[in-house]
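Please look through the structure shown here, with an eye to how its parts pack together.

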Amino acid sequence: MMTTYEQSVREMLAEVKDPEIDSVSVLDLGMIEKIIITDNAVQVEMLPTFMGCPALEIIKKNVETKVLELEWVEHAEVTFIYHPPWTSDRITAKGRERLKEFGIAPPPTQPGPDGEWHVDCPYCQSTYTTMDNIFGPTACRSILYCKHCKNPFEAMKPVSTIM
Amino acid sequence: MKSPQEVNADPAYKQALTELLYQLADDDFVLAFRGSEWLGLAPHIEEDVAFSSINQDTMGHAAMYYQLLEDLGEGKADDLAHGRKAFERKNAILLEEVNGPGHYLKEPYYDWAFAVVRHYFYAQAKKVKIDSLKNSSYEPLAQAAVKINMELYYHLLHWKTWFTQLASAKGEAPERMKKAVVKVCQDFAGVLTLGPKADEIAGFHLIEDENQLKQRWVNEMEKVFSPSGLQLPEVEMVRGDGRNGIHTTDLDTALETLSEVYRQDPAASW
């Protein structure tokens, strides 16, 4: 049962965006695992997306600052935990839509049997796309090309525990 | 063992665990550094993007291991990464080796064949270790392994692709790859060993026995070597055991470069 206190923290978290994708919140990305409230202190347990991501420290600071804006909160602390691991299927339906609006294809939900995967173009929805580079400008993205609308685009890299 | 508190109550377990963590951390750390020296020099622009992403991930894995050491009271992660002297480092000698003659800023005559073979062999060895670490008796390490495995999947795929394509390409590539394989194998036993405390490390079920891990690595390599007609030489440890603190001057110069900013103000917050 979610308390109204926890609900108010969640509302604040919905306003903290990924510094590199400013339309998607940390909640939409599925990075929030647990909110622990003890009197005036809030502890947020978060799951790092990719370990070497330089945005993690910025996200941590932004979450703490935002939660402290609540009048009743005197201490806010973010801890990164590895269990459960963050996987790309934690991104919410809303998060997937927001990614598309930003020009990033959401991660495929079902990679093929040999690990191959396919996504549609986030601009024209064509399925006529090719993989250009499985690695991209940030740890969590790949670079693809749409042969229909002739635009290069990025996709969130799928990660799962079955790999 | 679930927590640092439990580990601290058992000195023998702690000694074996910290030994293993330093090996894992220092291996990833120094190879990620050597990889990052390739930035701007890779064969093509897409490889620059991929290689730097892999190095960033790998540095993140090292940071994760240093954090586990910090949690056990070994000191701050940043200090462990930047502040330790060469003789305190546990990384394999092969991983500290320069990319080739020259300097990354000036006349870098780096060898891409050596880079591909070193990184491919290492990624496969890391995969074998990570799979075993998923069942480590130290729970926080087992959880870290699950996380690392998801990123390592892409690294291994990448280097295996480069390896098989260059080994069967036309022109000078196969010959250069053969040379690089011989060179890397001379010291690759240093990557596969768990060092002087190997028995304790396996005895506490932190990871499986080093001979088992080595055999698994050889089996995986044979799957790629046999069809290509390449010969996998016996792995050796010609230049000594880095797990024992034995290193080359290449590590001294690497540490000097990578810790330059840290040494200007070791107390600064990063």
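A residue is called buried if 20 or more other C-beta atoms lie within 10 Å of its own, exposed if 12 or fewer do, and partly exposed in between, with C-beta atoms placed from the backbone. This is a predicted model, in which local features need pLDDT of at least 70 and side-chain atom pairs count only at pLDDT 80 or more, while totals for chains, interfaces and linings use all residues. Residues are numbered from 1 along each chain as its sequence is written, and chains are lettered from A and ligands numbered from 1 in the order in which they are written.

Helices (H or I, at least four residues) and strands (E, at least two) are DSSP runs, numbered from the N terminus. In chain A, the buried residues of α2(A) are A:L56, A:I59, A:V63, A:K66 and A:V67. Seen down the axis of α2(A), these buried residues fall within an arc of 95°, so they line one face of the helix; the arc is that of the directions from the helix axis to the C-beta atoms. The face of α2(A) turned away from its buried side carries the exposed residues A:K61 and A:T65. The buried residues of α2(A) pack against α1 (4–13), β4 (41–46) and β5 (75–80) of chain A, where two residues are in contact if their C-beta atoms, placed from the backbone, lie within 7 Å.

Two of those strands belong to an open sheet of 3 strands in chain A, which has the order β3-β4-β5 with mixed pairing; two strands pair if DSSP finds at least two bridges between them. The edge strands are β3 (32–38) and β5 of chain A, each of which pairs on one side only. Between β3(A) and β4(A), which run antiparallel, there are 6 bridges, and A:I32 has A:M46 in β4(A) as its bridge partner.

Turning to the contact between chains, 21 residues of chain B are in contact with 15 residues of chain A. On the side of chain B that touches chain A, α3 (45–71) and α7 (139–167) of chain B each supply at least two residues, and α3(B) gives the most, with 12 residues.

Elsewhere in chain B, B:H103 has its place in the loop between α5 (93–96) and α6 (112–133). B:H103 is partly exposed because 14 other C-beta atoms lie within 10 Å. Although B:H103 and B:E37 are 66 residues apart in sequence, they are 8.8 Å apart in space, C-alpha to C-alpha.
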